[in-house]
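User: I am new to this structure. Please take a close look at a single part and show me how the rest is arranged around it.

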Amino acid sequence: MTPYKIGYLVGTLISPLLLMLIIGTIYYFIKGRSIPYWKAVFSRWVIISSLILALISFVGRFSSDMQQDASHVYPERDVKAFTEGCLSGAKGKKVDIKVAEKLCSCSITEIQKAYTYGEFKKIDLEMQNSKSIPSGFRNIVTSCAQK
């Protein structure tokens, strides 16, 4: 599990609690401090409204992730990671840095055109597990090298 996924999981689990504190505090002050603070925070409607808001947030995030997976535009962090990996591979083969930068830039651009982000993530995971480059990626890199 990546640090990003761990952070997302922790945030998803903590957000209803934070919402309860915020909504409960507002309720406490609306009631003019006439009830104990813990009763305001743990009142039934505060808990339910916090869970509903957290659920709406989760659904929105899930929907956004699904749209990203179907897109041909990749997040900047993934483009950067691909480019850095490509450049380090080129350095290992003693390719001139300027040539390597053009090759890697062309490769990620063409990969984005050919594969959705969801497909790219699956192929990237397969590459990490098998330590081999799929023929589709290899063909793109070859065509970029010929340019």
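Analyst: Here is a close look at helix 4 and its surroundings.

The model is predicted. Helix 4 spans residues 76-92 and has 17 residues. From first C-alpha to last, helix 4 reaches 24 Å, close to the 24 Å expected at 1.5 Å a residue.

Start with the buried residues of helix 4. They are Asp78, Val79, Phe82, Cys86, Leu87 and Ala90. These residues lie on the same side of helix 4, because they cover an arc of only 165 degrees around the axis. Spacing matters here. An α-helix has 3.6 residues a turn, so residues three or four places apart point the same way.

Now turn to the other face. Away from its buried side, helix 4 carries the exposed residues Lys91 and Gly92. After the helix comes lysine 94, with a positive phi near 60 degrees.

What covers the buried residues? The cover includes helix 5 (97-114) and helix 6 (117-130). Isoleucine 108 gives a detailed view of the packing. Beyond its neighbours within four places in sequence, isoleucine 108 is in contact with Tyr74, Val79, Phe82, Thr83 and Phe120.

Step back to the largest nonpolar core. It has 20 residues. Those touching the most other members are Tyr74, Phe82, Ile108, Ile111, Tyr115, Phe120 and Phe137. Helix 4, helix 5, helix 6 and helix 7 (135-146) each give two or more residues to this core. Helix 5 gives the largest share, six residues. A second core is separate and has seven residues, including Ile23, Tyr27, Ala40 and Val41.

Helix 5 also holds a charged pair. Glutamate 110 and lysine 113 both lie in this helix, three residues apart, about one turn. Their side chains meet in a salt bridge, at 3.3 Å from N to O. A search of the whole structure finds one salt bridge. Glutamate 110 is partly exposed, with a relative accessible area of 22%. Lysine 113 counts as exposed because its relative accessibility is 56%, and the cut-off for exposed is over 50%.

One more region comes from a record. The unreviewed UniProt entry annotates residues 6-30 and 42-62 as "transmembrane region". In the model, residues 6-30 are 100% helix and 0% strand. The end C-alpha atoms of that span lie 36 Å apart.

Terms used. Residues are numbered from 1 along each chain as its sequence is written. This is a predicted model: local features need pLDDT of at least 70, side-chain atom pairs count only at pLDDT 80 or more; totals for chains, interfaces and linings use all residues. Side-chain values use heavy atoms; hydrogens and water are left out. Helices (H or I, at least four residues) and strands (E, at least two) are DSSP runs, numbered from the N terminus. The expected span of a helix is 1.5 Å times one less than its number of residues. Buried means under 20% relative accessible area, exposed over 50%, partly exposed in between (1.4 Å probe, protein chains only). The arc is that of the directions from the helix axis to the C-beta atoms. Contact means heavy atoms within 4.5 Å. UniProt positions are given in the numbering used here, feature names are shortened, and annotations may be inferred rather than shown by experiment. A salt bridge is a side-chain nitrogen of Lys or Arg within 4 Å of a carboxyl oxygen of Asp or Glu. A nonpolar core is a set of buried Ala, Val, Leu, Ile, Met, Phe, Trp, Tyr and Cys residues joined through side-chain atoms within 4.5 Å.
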